Amino acid sequence: MKRVVLFLVTNLAVMLVLGIVLSILMSVFGIDNRSLGGILMIAAVFGFGGSFISLFMSKWMAKKSTGAHVIEQPRNETEKWLVDTVASQAQKAGIKMPEVAIYDSPDMNAFATGPSKNNSLIAVSTGLLQSMNQDQAEAVLAHEVSHVAGGDMVTLTLIQGVVNTFVIFMAKVLAGIVDNFLSSDEEEQTGHSWTYFILDMVFQMIFGILASVIVAYFSRKREFVADAGAAKLVGADKMRSALERLQSNHPSQLQGSMMAFGIASGKGMSEYFSSHPPLEDRIAALK
């Protein structure tokens, strides 16, 4: 319930801010929101704006939604090992030291998030620390450091912004065309009919599903790159061992960008919509 409330409040706040920004831009440039230029501006503001606001809030959201504890002063040997390992890998990868956190979950997983490669967070689950040996856990950390070093959070945000803009623009244009065809001349002069808003939502859902396939495709490609980066940092054998250990894991409960940059995603998902390639393909690639 806490996660749902946080998600709703955050999204309402984002929509409010973007709505205000859009109103100001429309007023300043004198653009009609029913023209193609106006529709494109609406699509770009909400498409890119939502993606980048989510990116800048990603660390805060991740901490709140998972209850992750950021290690400021290590309280035990495990926490000290985590901080020292990430510090060593970050130095090798040429990035600033990320924040390191632990979150309570039976899943064997970890994730990276943050607005940039020099302002990031790497979090590991208690389940991973309890179920993996040190070499395997070291490889998982290297995988997440490679995500950060590769700028994957920003890359995926840009891709998400582009597809979001396309989805919103095409949905509104098509909804307008169909609405004009179905509506009377009087309705066209007074504004969009109620059918326009329904069609807009339907088209956004359809195009959104298709767009998610594109985003998932790029996410899967970055997983192979992060695996290769981890292999360079700690060795291919350690990375392969970690992935083999994950094969016995139950589905991950990570959501959103945390799922995209976790070490593994849930099982049983369609390959086209999954943010991660099958583990056997990743293991084969390392071999």
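How many bridges join strand E3 to E4? Before the answer, a word on what you are looking at. This is a predicted model, in which local features need pLDDT of at least 70 and side-chain atom pairs count only at pLDDT 80 or more, while totals for chains, interfaces and linings use all residues. Residues are numbered from 1 along each chain as its sequence is written, and side-chain values use heavy atoms, with hydrogens and water left out.

Helices (H or I, at least four residues) and strands (E, at least two) are DSSP runs, numbered from the N terminus. Two strands pair if DSSP finds at least two bridges between them. Strand E3 (residues 110-116) is joined to E4 by five bridges, and the two run antiparallel. Thr-113 has Leu-121 in E4 as its bridge partner, and a hairpin of two residues connects E3 to E4.

E4 also pairs with strand E2 (residues 99-103), this time in the parallel sense, over five bridges. Here Ala-101 sits opposite Ala-123 of E4. Because six of the seven residues of E4 (residues 119-125) are buried (under 20% relative accessible area; exposed is over 50%, partly exposed in between, with a 1.4 Å probe and protein chains only), this strand is largely enclosed by the rest of the structure.

Now turn to the helices. The expected span of a helix is 1.5 Å times one less than its number of residues. Helix H2 (residues 36-56) has 21 residues and should span 30 Å, which agrees with the 29 Å between its end C-alpha atoms. Its buried residues include Gly-38, Ile-39 and Leu-55. Helix H9 (residues 194-234), with 41 residues, reaches 58 Å from first C-alpha to last, close to the expected 60 Å. Just after H9, Gly-235 takes a positive phi of about 110°.
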